[in-house]
Amino acid sequence: MVVAGTLYIVPTPIGNLGDISARALEVLGAVDAIAAEDTRTTARLLQHFGLHKPLIALHDHNEKQRGALLVERLQRGESLALVSEAGTPLISDPGYSLVAQCHQAGCRVLPLPGPCAAVAALSAAGLPTDRFVFEGFLPARSSARRSQLQGLLRETRTLVFYESPRRVMECLADLQAVFGRERPAALAKELTKIHEAVISGTLATLEQWLQDDSQRQQGEFVLMVAGAPALDEAASSEAEGQRLLALLIDELPLKKAAAVAASFTGAGRNALYQYGLSLRQGE
Ligand code: SAM
């Protein structure tokens, strides 16, 4: 059933309770205690499946200290499970510090496969999945968000973002400002729930789809953006130069920023200067 002294990482449903696995229930029923991001949500989940277990609150603010106590329990031979509010622990959720502490202390950590919004969304998005980059949540402030996106401008792998309903429209606006309206993209919302939808198109068509009915802007979202096409060497240094310039432009006068970006990347200084002017006009 479960092995003594082991921490099990147990994914839980992201909406539909039918997605809990038989093994997840077996492990949750067999461990000595469950560390949970949100003990109320987990208590409800356990109750639904007729399970009763001691719960230990483990969230970003107490993870370091609590982690040490949990490691002691594992070292005494207890078996524990870690769950988050929904989906796979550690994926934009707490658990990293605990798992790292377990490895440092020589405790065994075993994962159960199960629900994860990013993987579920990707599998239905119609975008390349052979290589992808999980970016989690973008910064809340638009300027920080845009500068992070600028850093991803030449990324050729499919990009995956988590987003809340509060910011999904703003985020789509920034994605279009940086990657262009026509970049292929997909969104997955409310996966496994009543209003679930997976829409594939371009960044502009996704925005349109959300604007057509404000109800569609409610719920939980995964946004996915196709990677940039691979470039030849000249185009690649130009793109690198633009990327660096976009990062430097807030820190240095434009002329200096263009010169630094040109000498680091081999891109043309004048072309970068002109690009910098266009960025400033767009602000
Ligand atoms: N650990 C979770 C996982 O494995 O997917 C993610 C937790 S993160 C705090 C919550 C974010 O995941 C939401 O803001 C949304 O971006 C995404 N998400 C969670 N459930 C979802 C669902 N049912 N449909 C679409 N996105 C979802």
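A salt bridge here is a side-chain nitrogen of Lys or Arg within 4 Å of a carboxyl oxygen of Asp or Glu. This is a predicted model, so local features need pLDDT of at least 70 and side-chain atom pairs count only at pLDDT 80 or more, while totals for chains, interfaces and linings use all residues. Residues are numbered from 1 along each chain as its sequence is written, and side-chain values use heavy atoms, with hydrogens and water left out.

View 1. Asp 174 pairs with Arg 145 in a salt bridge, the closest N and O atoms being 2.9 Å apart. Asp 174 sits in helix α7 and Arg 145 in helix α6, so this pair ties together parts that are 29 residues apart in sequence. (Helices are DSSP runs of H or I, at least four residues, and strands are runs of E, at least two, numbered from the N terminus.) Arg 145 also bridges to Glu 170, with 3.0 Å between the closest N and O atoms. That links α6 (residues 142–150) to α7 (residues 168–179), so parts 25 residues apart in sequence are tied together.

View 2. Glu 170, at 40%, is partly exposed.

**View 3. Glu 163 with Arg 167.** Here's another salt bridge, 3.8 Å from N to O. Both residues are buried. A search of the whole structure turns up nine salt bridges.

**View 4. The inward face of helix α1.** In α1 (residues 22–30), the buried residues are Ala 24, Val 27 and Leu 28. Down the helix axis they fall within an arc of 100 degrees, so they line one face; the arc is that of the directions from the axis to the C-beta atoms. They pack against β1 (6–9), β2 (33–36), α2 (39–48) and β4 (80–83), with contact meaning heavy atoms within 4.5 Å.

**View 5. Where domain 1 meets domain 2.** An automatic or database assignment sets the domain bounds, giving domain 1 (6–115), domain 2 (118–225) and domain 3 (233–281). Six residues of domain 1 and seven of domain 2 make the contact. About 490 Å² is buried between them, 62% of it from carbon and sulfur atoms; that is accessible area (1.4 Å probe) lost on being put together, summed over both parts.

Methods: Buried < 20%, exposed > 50% of the residue type's maximum accessible area, 1.4 Å probe, protein only. Buried area = accessible area lost by both parts, 1.4 Å probe.
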